[in-house]
Amino acid sequence: MANDLSIKTEPADVAEEVVLHAFKSGYRHVDSARVYRNEGPCSQAIKKSGIPRSEIFFTSKVPPRAMGYEATKSSINSSFSQTGLDYIDLYLIHAPYGGKQARCGTWLALLEAQQAGLIRSIGVSNYGVHHLNELEFYIRELEAHNGKGKGGEISVGQWELHPWLARPDIVEWCRKRGVVVQAYCPIVRGQRFEEPVLKGLVEKYKGKTAAQVLLRWSLQKGFVPLPKSVTLSRIEENADVFDFELTDNEMKLLETGEYAPCSWDPTTSDD
């Protein structure tokens, strides 16, 4: 995941074509998930690309319906059956549903797969601070029982993040613990392109689009943005964001203080 060019992949019927084009455009991080039903097409693209496997970072996720120890073990096995990969770089818990026992069981199954060398890193997605605190406590319990470092590490967290949903509490929690923050819906599904502050920045940075400005915001916040597109030209456009930089003042202008998800928001779940 050292390469900042990352692509979120769905739907399944075009995933192979999209990922192959993304590879040609310089992307090396592929964000997949069991629930997207696209692990197989993504892995085919990896195999056909001619790029060494070690240079590609592949992510999948435990679906909400597979929460719990045994169900997660089955989910992991299915990922390997469908992809044919020798290892998966990152496996996340897609959402904090199912209750505490299920969440902890899922973490344990991921930890065991990591210890077996099947998964390189593990983490979470869509966790609220209360879910993160719960998991941190469970990791400490595992360490108390099995030894220091034996409870696993939250390496990565993934959330919807953009100027209209900056989640400062979650981001701060991660920063203090060295958790890598990935941002999905970084361009807000195009829903905010007509915002005056964004239009002003597009006017200033000639040749750059609203999407590119939002991706710059994400990168300068220290996030790993995960733009999603099936349009080949936009995949190339989303990669062309390293030749300009927003000023500190412009970053502040994009601090809207709003809490406006454009996707689901499992962070608020209390089960």
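Student: How many nonpolar, polar and charged residues are in the lining of the largest pocket?
Tutor: That lining has twelve nonpolar, ten polar and six charged residues. Here Asp, Glu, Lys and Arg are charged, Ala, Val, Leu, Ile, Met, Phe, Trp, Tyr, Cys and Pro nonpolar, and the others, Gly among them, polar. This is a predicted model, with pLDDT of at least 70 needed for local features and 80 or more for side-chain atom pairs, while totals for chains, interfaces and linings use all residues. Numbering starts from 1 along each chain, and side-chain values use heavy atoms, without hydrogens or water.
Student: OK, which residues lie nearest the centre of the largest pocket?
Tutor: Cys 185, Ile 187, Arg 189, Lys 228 and Ser 229, out of 28 lining residues. (A pocket is an open set of points on a 1 Å grid over the protein atoms alone where a 1.4 Å probe fits, with protein on both sides within 12 Å along at least five of seven lines; lining residues have an atom within 4 Å of a point.)
Student: And which helix gives the most to that lining?
Tutor: α9, with three residues. Both α8 (210-220) and α9 (232-239) supply at least two each. Helices are DSSP runs of H or I, at least four residues; strands are runs of E, at least two.
Student: What about the second largest pocket, what lines it?
Tutor: It has 15 lining residues, and Ala 166, Arg 167, Pro 168, Lys 221 and Glu 255 lie nearest the centre. By class, the lining of the second largest pocket splits into nine nonpolar, two polar and four charged residues.
Student: Switching topic: how many aromatic pairs are there?
Tutor: Three. Tyr 97 and Trp 264 make an edge-to-face pair, because their ring centres are 6.1 Å apart and their planes stand at 65°. (Pairs have centres within 6.5 Å; under 30 degrees is stacked, over 60 edge-to-face, the rest tilted.)
Student: Which parts does that pair tie together?
Tutor: Tyr 97 is in the loop between β4 (88-93) and α4 (100-115), and Trp 264 is in the segment after α10 (248-253), so parts 167 residues apart in sequence are tied together. Tyr 97 is partly exposed at 28% relative accessibility, and Trp 264 is partly exposed at 31%.
Student: How is the pair of Tyr 205 and Phe 244 arranged?
Tutor: Tilted, at 5.2 Å centre to centre and 50° between the planes. Tyr 205 lies in the loop between α7 (196-204) and α8, and Phe 244 in the loop between α9 and α10, so the pair links parts 39 residues apart in sequence.
Student: Are Tyr 205 and Phe 244 buried or exposed?
Tutor: Tyr 205 and Phe 244 are both buried; the cut-offs are under 20% relative accessible area for buried, over 50% for exposed and in between for partly exposed (1.4 Å probe, protein chains only).

Notes:
Rings of Phe, Tyr and Trp (its six-membered ring) pair if their centres lie within 6.5 Å; planes under 30 degrees apart count as stacked, over 60 as edge-to-face and the rest as tilted.
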